[in-house]
Amino acid sequence: QKNGVSNGTLYKKTFIEHFEQAPMYVAVLTFLGFGVGTIFGYLRDFMRAWGLEKRNIATEREEQKDFVPLYQDFENFYTRNLYMRIRDNWNRPICSVPGPQFDLMERVTDDYNWTFRFTGRTIKNVINMGSYNYLGFAETDVNALKTVTIELQKYGTGICSTRQEMGTLDKHVELEKLVAKFLGVEDAMVFGMGFATNSMNIPALVGKGCLILSDELNHTSLVLGARLSGATIRIFKHNNMQSLETLLRDAIIYGQPRSRRAWRKIIILVEGIYSMEGSIVRLPELVSLKKKYKAYLYLDEAHSIGAVGATGRGVVEYFGMSPDDVDVLMGTFTKSFGAAGGYIAGKKDLVDFLRTHSHSAVYATSMCPPVAEQIIRAMKCLMGLDGTTQGLQRVRQLGKNTRYFRRRLHEMGFIIYGNDDSPVVPLLLYMPGKIGAFARRMLEKNIGVVVVGFPATPITESRARFCVSAAHTREMLDTVLNALDELGDFLHLKYSRYSKSSHPELYEETRLEFED
Amino acid sequence: MDIKSTKYYIYWLFCQFELITCSYLMEPWEKLLFYTFNITMLATLLYTAYVFVPGHICSAFQFFFHLFGNQHENTVSIVK
């Protein structure tokens, strides 16, 4: 029993987030770059329309020309003219396990990224800074995968049925009990696919006449689930509790739009860690708001389960709160557990309701047994039930790696978004020309990164997203940081105006003055 | 070597220009077109500056000289 927090605030530890804005000239130059790209895009479209250049992309047939144009909107224009030029940085096929290092298939293009061909060689031991492998469970070590091989030989790979017909195995029951124990809740249910967990279960929980308050930057699965449910959706600013409170007050005072009746249910959809920003949800404030206005909370811990918290139990543990405060705890096994699938956990009544009413339970194939066994072994490792402290060591190593990586990047002078404790590190690039240059040069240095541009991010804020893993050693992180240092100087990416000196070790010499 | 670091600096500036204006992403014929246009514009600007700027500065100087009223002759008479 603690004696109480020192100044009685909601947050037991400091909550530091960075969303630094770049200097004005960066925005101006970004627009200049896009302007030049757009002009050349129009030039190329003109040449294609008048037959001066071969058409490689989908166009309408002659008979369709008199109908509504299909490919004239900005998204198609952008894809044809800007995305195609740097397309070689995405969809790169890999040919090994996505651990801390992996192998890439070498790909070249003869006609500026319209077609690719494989040379047959593989690029070996590329450092992996893009895979969601937070705790390093994506491994091929035979000893670690012993139980998984046994289950594979016992059950095979296919289930050939849905949960409600003949697809519930004893493995699923075991896994669900383990997930409930891990999270500290009454019951849990697992599904075969993480995206489908959100999109198929939100329609089962809310319907017409309910209100969904969803964060600005929620993932597509949450947006799809909310739209499919038919409820009214209102959006609040990203992680902004004042905006949310305004919406809640308006909802309770004014009720439904035309009939002015009370809303049947008000549910707040948030994520634990937002994967494009690296920010962590303000859970204590959210829970106090939810209790005050009697709303429900749906927390999507896809990136935060296993990755934050003292023992890896997610944002609920990170903030020192009890899991009873959150009504619906959702998460995926793709990121920290090296498997596939999702879960929903909470009170027993909720989970029993979902077992009968969820679309996923009725129609979707259930999780296959070797994957379930992989999750069971990863979770047992995390909880310490396999007799070792390996799970706790992995969580601690991830925390150390995250803090080291973020601290060094801040010192070097890059603009990094997000909370200091989140393993997702977005590094801002801003200009469209630098997206391609950055990814290609990092691959030349044998480091694989993920770069993101429009439409996944706002058009001026393109970024490179690093996912730190517990399996990265200090040497690997140092290699990456040195490469980033060099590349940051060459491409002029160090826009931060708040950084300390970029080489602090040079100034730490003690000065000894001798009397002469 | 000072020449080497200057050459590297100029190459680095050129790389920055290429990245900012997206000419890094263009195919060679597009780059040719873009640089030709830019160099033509720059040459026209410099030529216009060479022809007209001295004339503009002279007339501005004369305007300010008449505005502050022939002080040169006044100071000469006092000293004398």
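# Close-up views of a predicted two-chain model

**View 1. A helical stretch of chain A, residues 22-43.** Over residues 22-43 of chain A the chain is 91% helix and 0% strand, with the end C-alpha atoms 31 Å apart. Helices here (H or I, at least four residues) and strands (E, at least two) are DSSP runs, numbered from the N terminus. UniProt, in an unreviewed entry, places a "transmembrane region" at these residues, 22-43 of chain A. UniProt positions follow the numbering used here, feature names are shortened, and annotations may be inferred rather than shown by experiment. A word on the model before we go on: it is predicted, so local features need pLDDT of at least 70 and side-chain atom pairs count only at pLDDT 80 or more, while totals for chains, interfaces and linings use all residues. Residues are numbered from 1 along each chain as its sequence is written, chains are lettered from A and ligands numbered from 1 in the order in which they are written, and side-chain values use heavy atoms, leaving out hydrogens and water.

**View 2. Where chain B meets chain A.** How many residues does each chain bring to the contact? Chain B gives 18 and chain A gives 22, where contact means heavy atoms within 4.5 Å. Together the two chains bury about 1,900 Å², 70% of it on carbon and sulfur atoms; buried area is the accessible area (1.4 Å probe) that two parts lose on being put together, summed over both. On the chain B side, Leu19(B), Ile20(B) and Leu25(B) lose the most area to chain A, together 31% of what that side buries.

View 3. Three salt bridges are found between chain B and chain A, a salt bridge being a side-chain nitrogen of Lys or Arg within 4 Å of a carboxyl oxygen of Asp or Glu. In a salt bridge between Glu30(B) and Arg85(A), the side chains meet at 2.8 Å, N to O. Helix H1 (2-20) and helix H2 (28-67) of chain B are the elements that give two or more residues to the side of chain B that touches chain A. H1(B) gives the most to that side, with seven residues.

**View 4. An open sheet in chain A.** Three strands line up in the order S2-S3-S13 (chain A), with mixed pairing; two strands pair if DSSP finds at least two bridges between them. Why is one side of S2 (101-108) and of S13 (447-448) in chain A left without a neighbour in the sheet? Both strands stand at the edges, each with a single partner strand, so one side of each has no neighbour there. S2(A) pairs with strand S3 (residues 117-128) of chain A in the antiparallel sense over six bridges. Gln101(A) stands opposite Ile127(A) in S3(A).

**View 5. A salt bridge within one helix of chain A.** Arg249(A) and Glu245(A) join their side chains in a salt bridge (3.9 Å, N to O). Both residues lie in helix H7 (residues 241-254) of chain A, four residues apart, about one turn of the helix.

**View 6. Two backbone details in loops of chain A.** Most residues other than glycine have a negative phi, and most peptide bonds are trans. Asn91(A) has a positive phi of about 55° although it is not a glycine, and Asn91(A) lies in the loop between helix H2 (74-83) and S2 of chain A. The peptide bond from Phe454(A) to Pro455(A) is cis, with omega near 0°. Pro455(A) is found in the loop between strand S14 (450-452) and strand S15 (463-467) of chain A.
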